[in-house]
Amino acid sequence: MTRTPRTHWVLLGAVLTVLFVSLCANGYVNHIGAEGVRTPGPAAPAMRAGGPVQGLTADRATRGLRMPPRTLALTFDDGPDPRWTPRILDVLRRHHARATFFVLGANVARYPELTRRIVAEGHELGVHTYTHADLAGLPAWRQRAEIAATQSVIASTTGVRTRLLRPPYSSTPDAVTVPQGSALDRAAADGYLTVLTDLDTADWRRPGAAAIVRAGTPAAGRGAVVMLHDGGGDRTQTVAAVDRLLAGLPGYRFETVSTALDLPRFTGTPLALTLRGHAIAGLQWLGGVAAAAMGVLLIVAVALGVARLLLQVYYSRRHIRRTRTRRHRDAHFGTVTVVVPAYNESANIANTVRSLRASTYQPVEIIVVDDGSGDDTAGIVERLDLPGVRVIRQANAGKPAALNTGIRAASGDLLVLVDGDTVFAPDAIRRLVQPFADLSVGAVSGNTKVANRSGVLGRWQHLEYVIGFNLDRRMFDLVRCMPTVPGAIGAFRRETLADVGGVPDATLAEDTDLTMAVIRAGWRVVYEPDAVAWTEVPGTLAQLWRQRYRWCYGTMQAMWKHRRCLVERGAGGRLGRRGLTYLLLFQVLLPLTAPAVDVAAAYGMIFLPWPQLLATWAGFQLLQLLTAAYALRLDGERYGPLWSLPLQQIVYRQLMYLVVVHATVAALLGDRQRWHRMHRTGQADLALVSSGSR
């Protein structure tokens, strides 16, 4: 029974959601600042009275505690920081001093060992929010979240809790603004004591060690809370000032805030708090890993994308010079047989046969193989009653079988294999066979164009055919690793087809499978851009999905079938190491990473500067537009569809990479896929009607 994968969409959605949340967590925690100048607001009267340690008593009255005489509480904000915190700890240990470190939750999660060292050496921890957020500018839920998250990671990292809080951008009690005071009231209601300062050293300004010492020295005999920093910037001056301050105040005690004021401490850490802290730290770690990985992925993806565009343009210019010599050839190769496999092609078959019969190359033998059609395909061709056209009817056996039937019945030594919905330009066959003047050439790919390009979906496919398919084929021609001669227009020597055993039926992409076999048999496969044919492309997203799914799945089958060519020599080795590698990289791996790239783009829109994002996007779009314009010029096409290219990158690209995801999952699960035929509307002749032949 055929398994149809469905749960992978749920899994993909879950993975992308986790990736987005992780990236957002990383973006959130990395918006960590340091002390700076803030615009002052009106003072909060409740904070003017008393000392720097503010909180609520049991009767909910506000109190302010001061340090005892000749006692200094050195406090350090913004850490822990692996550059400066260890040096400050070394100075404190040398002087047998204790201090209070108001830590950022993000830094605790990032440097757990350093946080544990602070506690192990007898120092005290306090909350300084998780991301150095200005509490006065946050809604109440976010204020509580910043404080609670920091408490959680402190508990899970060290096994202790703290009731001390210092809000970022705070200073002395008389500098507290009304909005900040409201935030501190909420914290007090949750049981926190706010530790402000008596002496703000403003060491974050880096005024010099001597100035920091002066600012941190209390009046004779008085106690004080001294504000310093062990993170957020270069703290060389702070380290030197702390050493001098400790040595220059004999008779002073240097204690933690809680010890100096004999404050009660929490005992134990509830399991729920510890688990929450581990979860928060784990999410932060995952976000950091995801951000680093996405940074590398984006650089690689952009570099490869740009490199591909440049290679396409470079090889296209070289290919033009090479093909100029073929344009003036008019060699004749006797009868050329055209094989048209047809299954329910009543909408287009008459246009196809008439265009082939109108070829400027003669004689042309046209064999239409009706593969058990349920409509009047064979009857339509027979009623045309055109000379040189015959119909072979057979029971439905699939496209490869129909092609092989036509090949066996052919009289010509050169065979053109054509889809039943393709309309040829009058000179297409003549141009298509000219490369066979080189006896090493076994197959020739023509230039397929989109006929029904009037709608947006048609325009997108038109651009894809011109930019992607045809530019790629020019490059493949020069590096001699053409992986696909398209079923819409391709020519083969009879001898070549005999060498590979005819058209294979082991994959859904019989054209790719056949082309790879031809190259491995030692024949050259080239591209003739002047041999033009028009084909009807899917007109709905559902039809497009089915077609591209078949192409992608079949290409993967063919790549796996011919994987041995990666280690072969000669033509097979070139196909493997150049062609298969290119297909794997640009048609499988990069599309598989595209969902993650889009998630990173959404993350960037939230956390990165808009000018930088817009400049990057505009630069890439400009490069795409220039390449597209060049490709259109090479193919003699109008520039009008270029307006839809940016939208194609936003909408069409997502559909294409989801097709690759679906096909990859199906291939990994080993599902056997059936042929999905597109509903035809008979629009393949519109190009000839509107523009004529080239």
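A crossing of two helices is called left-handed if the near helix is turned anticlockwise from the far one by less than a right angle. Keep that in mind as we walk through this model, which is a predicted one.

Let's start with helix 18 and helix 19, whose crossing is left-handed. Two packed helices are described by the angle between their axes and the distance between the axes. Here, helix 18 (residues 541–561) and helix 19 (residues 570–607) pack at an angle of about 150°, and their axes are 11 Å apart. Angles over 145 degrees count as roughly antiparallel, and helix 18 and helix 19 are therefore roughly antiparallel to each other. Which residues meet in this packing? From helix 18 come Thr 555, Met 556 and Met 559, and they meet Leu 580, Leu 583, Leu 584, Gln 587 and Val 588 of helix 19.

Next, have a look at the aromatic rings. A pair of them is described by the distance of the centres and the angle of the planes. The count comes to 10 aromatic pairs. One of them is formed by Tyr 314 and Tyr 315, with 5.1 Å from centre to centre and 70° between the planes, an edge-to-face pair. Is each partner buried or exposed? Tyr 315 counts as buried because its relative accessibility is 17% and buried means under 20%. Tyr 314 has 46% relative accessibility, so Tyr 314 counts as partly exposed.

Now turn to Trp 460 and Tyr 652. Their ring centres are 5.9 Å apart and their planes sit at 55°, so this pair is tilted. Trp 460 belongs to helix 15 (residues 456–479) and Tyr 652 to helix 21 (residues 645–669), so to speak a link between distant parts of the chain, 192 residues apart. Trp 460 is buried, with 7% relative accessible area, and Tyr 652 counts as buried at 4%.

Tyr 465, Phe 469 and Trp 551 form one aromatic cluster. Arg 163 lies over the face of Phe 266, 4.6 Å from the ring centre, while Arg 563 lies over the face of Trp 560, at 4.0 Å from the ring centre.

Finally, find Ala 443 in strand 16 (residues 441–450). Ala 443 counts as buried because its relative accessibility is 0%. What does Ala 443 touch? Leaving out residues up to four places away in sequence, its contacts are Phe 436, Val 485, Ala 491, Phe 492, Val 518, Arg 524, Val 525 and Val 526. Ala 175, on the other hand, is 268 residues from Ala 443 in sequence and 83 Å from it in space, C-alpha to C-alpha.

Notes. Residues numbered from 1 in each chain as written. Predicted model: local features only at pLDDT ≥ 70, side-chain atom pairs only at ≥ 80, totals over all residues. Heavy atoms only, no water. Phe/Tyr/Trp six-rings, centres within 6.5 Å; stacked < 30°, edge-to-face > 60°. Buried < 20%, exposed > 50% of the residue type's maximum accessible area, 1.4 Å probe, protein only. Helix = DSSP H or I, 4+ residues; strand = E, 2+ residues; numbered from the N terminus. Lys NZ or Arg CZ within 6 Å of the ring centre and 35° of its normal. Axes fitted to C-alpha atoms, helices over the stretch in contact; angles between N-to-C directions. Parallel < 35°, antiparallel > 145°, perpendicular 65-115°, else oblique. Contact = heavy atoms within 4.5 Å.
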